[in-house]
Amino acid sequence: MRATQVRPTGTERTFGEDEIIVTKTDLRGVLTYANDVFLRISALTEDEAIGQPHSLIRHPDMPRAVFKLLWDTLKERKELFAYVVNLASDGAHYWVLAHVTPSFDAHGKVVGYHSSRRKPETAAVAAASDLYGKLRAEERRHSSSPAALDASWRMLQQTLADRGQTYEQFVWELTNGVPS
C-alpha cells in the first residue's frame, strides 16, 4: 500500500491523551516497529505496516518543507518536534505532535529513527494547519517537485524569520501557549 493511492475522506480520527503512538524505522525510513496505537489509528495491520516506508501515512496536505526540515535535523543527529497530519489507510486523517529522534547503537552510530507522537491541542493544530496550508499553496504554484520544495522551504524560513523564531520555537509556542 502506498499513501498516494489513499484519498483523504475528510474524516478526522483522534486518540486518547494518555496514548502514545510509537514507531521505529531503519535509516531509510522503513518501518521496523509499530505499536498497537499506531496500527489502530492508521488503520493498518502489523503485516501491512512493517517493512513499508513510514511515508505510507503521508498526508497530501503536509508541506514538503517540513519533511526537509525533519530529514535535515536527523542528519545532524538531532531530535525534532513537529506537528504532522497523517493519512490512515482508510482515508481518515489524524494530527500528532511528533518527537522524532535518531536511534544510536552502542558505538554512537545512527542505526535508525524513533518517533513518539502525542495528541496535540486543537489550537496548536489550527495554527500549524494555517501555516502548512500556506506552504502547500506555494508548492502548488510550481510545476516541478524540486521547485515546489525550494519555494516552500524559502517560505517556511521567511515566515519563521518574520516571527523571529526557529521551527523549534514555533512548535514550543504552539505546544505551551507561550512565546519561547
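How many of the 8 residues of β3 are buried? The count is 7, so β3 is largely enclosed by the rest of the structure. "Buried" here is under 20% relative accessible area, "exposed" is over 50%, and "partly exposed" is in between (1.4 Å probe, protein chains only). Helices (H or I, at least four residues) and strands (E, at least two) are DSSP runs, numbered from the N terminus.

A quick note before the views: this is a predicted model, where local features need pLDDT of at least 70 and side-chain atom pairs count only at pLDDT 80 or more, while totals for chains, interfaces and linings use all residues. Residues are numbered from 1 along each chain as its sequence is written, and side-chain values use heavy atoms, with hydrogens and water left out.

**View A. The open sheet of 5 strands.** Reading across, the order is β2-β1-β5-β4-β3, with antiparallel pairing. Two strands pair if DSSP finds at least two bridges between them. At the edges sit β2 (31–34) and β3 (80–87), each pairing on one side only. On average, neighbouring strands of this sheet are turned by 30 degrees against each other, direction ignored.

**View B. The hairpin of β1 and β2.** Strand β1 (residues 21–25) runs antiparallel to β2, and 3 bridges join them. Look for T23 and its bridge partner A34 in β2, then for T25 with L31 as its partner. The hairpin has 5 residues between the strands, and G29 takes a positive phi near 85 degrees.

**View C. The hairpin of β3 and β4.** Here the strands run antiparallel and are joined by 8 bridges.

View D. Helix α4 (residues 122–140) lies across β3 and β4 (93–104), and runs at about 85 degrees to β4. Helix α6 (residues 167–176) also packs on the sheet, touching β3 and β4, and its direction makes about 70 degrees with that of β3. For these angles, axes are lines fitted to C-alpha atoms, for helices over the stretch in contact, and angles run from 0 to 180 degrees between N-to-C directions. The two helices pack together as well, at an angle of about 145 degrees with their axes 9 Å apart. From α4, A124, A127, A128, L131 and Y132 meet Y167, F170 and L174 of α6. By class, that contact has 8 nonpolar, no polar and no charged residues. Contact means heavy atoms within 4.5 Å. As for the classes, Ala, Val, Leu, Ile, Met, Phe, Trp, Tyr, Cys and Pro count as nonpolar, Asp, Glu, Lys and Arg as charged, and the others, Gly among them, as polar.

**View E. Where α3 crosses α5.** The axes of α3 (residues 64–75) and α5 (residues 145–163) come within 8 Å and cross at roughly 80 degrees. That makes α3 roughly perpendicular to α5 (angles of 65 to 115 degrees count as roughly perpendicular, under 35 as roughly parallel, over 145 as roughly antiparallel and the rest as oblique). On the α3 side are R64, A65, K68, L69 and D72, meeting S145, A148, L149, S152, W153 and L156 of α5. These residues split into 6 nonpolar, 2 polar and 3 charged. Zoom in on S152, which is buried, with a relative accessible area of 0%. Leaving aside neighbours within four places in sequence, S152 is in contact with P63, A65, L135, E138 and E139.

**View F. Y167 in the largest nonpolar core.** A nonpolar core is a set of buried Ala, Val, Leu, Ile, Met, Phe, Trp, Tyr and Cys residues joined through side-chain atoms within 4.5 Å. Not counting residues up to four places away in sequence, Y167 touches V66, L69, L80, F81, A82, Y83, Y132 and L160.

**View G. A43 and R77, two loop residues with positive phi.** Most residues other than glycine have a negative phi. A43, in the loop between α1 (36–42) and α2 (46–49), has a positive phi of about 60 degrees. R77, in the loop between α3 and β3, has phi near 65 degrees. A43 counts as partly exposed at 28% relative accessibility, and R77 counts as partly exposed at 44%.
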